[in-house]
Amino acid sequence: KIYKIVCGAENKESMEEYCFSKTDYPVQNTTKASPTVNEDTVVTKMAAGYRQILDCVGSHMSMDEMEKTAERAAKAMLFFTQGYEDTTETALGDAIFSVDHDEMVVVRDVEMSSLCEHDLLPFYATVSVGYLPNGKIIGLSKIARIVEVYSKRLQAQEKLTRQIAQAITDAINPAGVGVVMQARHMCMAIRGVNKTSCTIITSSMTGVFRDDPKTRGEFLALIKPST
């Protein structure tokens, strides 16, 4: 459920309930969206909510300007959350290969952006992913695709880091996975504490990356920025 803003409301109970039916847009579905979904209907409903927001903040836009801004905002939100329509399986396709390779595979500095689930402000990050194959490997570009699937959702950095590691684990059952994410959050940079230079670092280690200090150390050395 999404609650339509009513100016002056102090709690959720005093807001007018404004719902999307599951047939309009399966916002909680992690599988591919139904082809019967009418995106124009979704945009129209979301734009109505954005018009309420623009009105509440005291926007002096003309009606035509407000309509266009609200529609653009709705379409942007659908783009930022398109990962809800994807799964690891659709991202990987047939790009899993049986290979006799037992050395570490690392993809470093994958750029990504996401929206914080706490305040809907963006954060920007680079992600480095490594895994130790156990008879199977993933097409290299598909690792970046997995990052996209999970970053294009409302996210917490800690959860996103773990989800990427878990997705690779589920896909090929490697001996271990390591994921390190370095991000800058607009919720810290442009509001609240207003700290523009803070970098937030999270990691998720599984299997030998967690249990074996040498393997973990090798991975961290490989993703260290070149000087």
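Reply: A residue is called buried when its relative accessible area is under 20%, exposed when it is over 50%, and partly exposed in between, with a 1.4 Å probe and protein chains only. The model is predicted: local features need pLDDT of at least 70 and side-chain atom pairs count only at pLDDT 80 or more, while totals for chains, interfaces and linings use all residues. Residues are numbered from 1 along each chain as its sequence is written, and side-chain values use heavy atoms, with hydrogens and water left out.

The protein has 227 residues, of which 36% count as buried. Its secondary structure comprises eight helices and nine strands; these are DSSP runs numbered from the N terminus, helices being H or I over at least four residues and strands being E over at least two. Two residues show how the accessibility term is applied. Asp109, in strand S4 (residues 105-116), has a positive phi of about 60° although it is not a glycine. Its relative accessibility is 39%, so Asp109 counts as partly exposed. Leu120 is placed in the loop between S4 and strand S5 (122-132). Leu120, also not a glycine, has a positive phi near 65°, and its relative accessible area of 43% makes it partly exposed.

The close look now turns to helices H4 and H5. Helix H4 (residues 140-151) packs against helix H5 (residues 157-172) at an angle of about 135°, and their axes are 10 Å apart. Here the axes are lines fitted to C-alpha atoms, for helices over the stretch in contact, and angles run from 0 to 180 degrees between N-to-C directions. H4 and H5 are therefore oblique to each other, since angles under 35 degrees count as roughly parallel, over 145 as roughly antiparallel, 65 to 115 as roughly perpendicular and the rest as oblique. The crossing of H4 and H5 is right-handed; a crossing has this name if the near helix is turned clockwise from the far one by less than a right angle, and is left-handed if anticlockwise. From H4, the contact is made by Ile146, Val147, Tyr150 and Ser151, and from H5 by Leu160, Gln163, Ile164, Ala167 and Ile168. Contact means heavy atoms within 4.5 Å. By class, the contact of H4 with H5 has seven nonpolar residues, two polar and no charged. Nonpolar covers Ala, Val, Leu, Ile, Met, Phe, Trp, Tyr, Cys and Pro, charged covers Asp, Glu, Lys and Arg, and the others, Gly among them, are polar.

With a relative accessibility of 1%, Gln155 counts as buried. Beyond its neighbours within four places in sequence, Gln155 is in contact with several residues, including Tyr150, Leu160, Gln163 and Phe123. The C-alpha atoms of Gln155 and Phe123 are 9.5 Å apart, although 32 residues separate the two in sequence. The side chains of Gln155 and Gln163 make a polar contact of 2.7 Å. Such a contact is a pair of N or O atoms within 3.5 Å; within protein, one must be able to donate a hydrogen and the other to accept it, and residues adjacent in sequence count only if both atoms are side-chain atoms.

Asp86 is placed in the loop between H2 and helix H3 (88-92), and at 8% relative accessibility Asp86 counts as buried.
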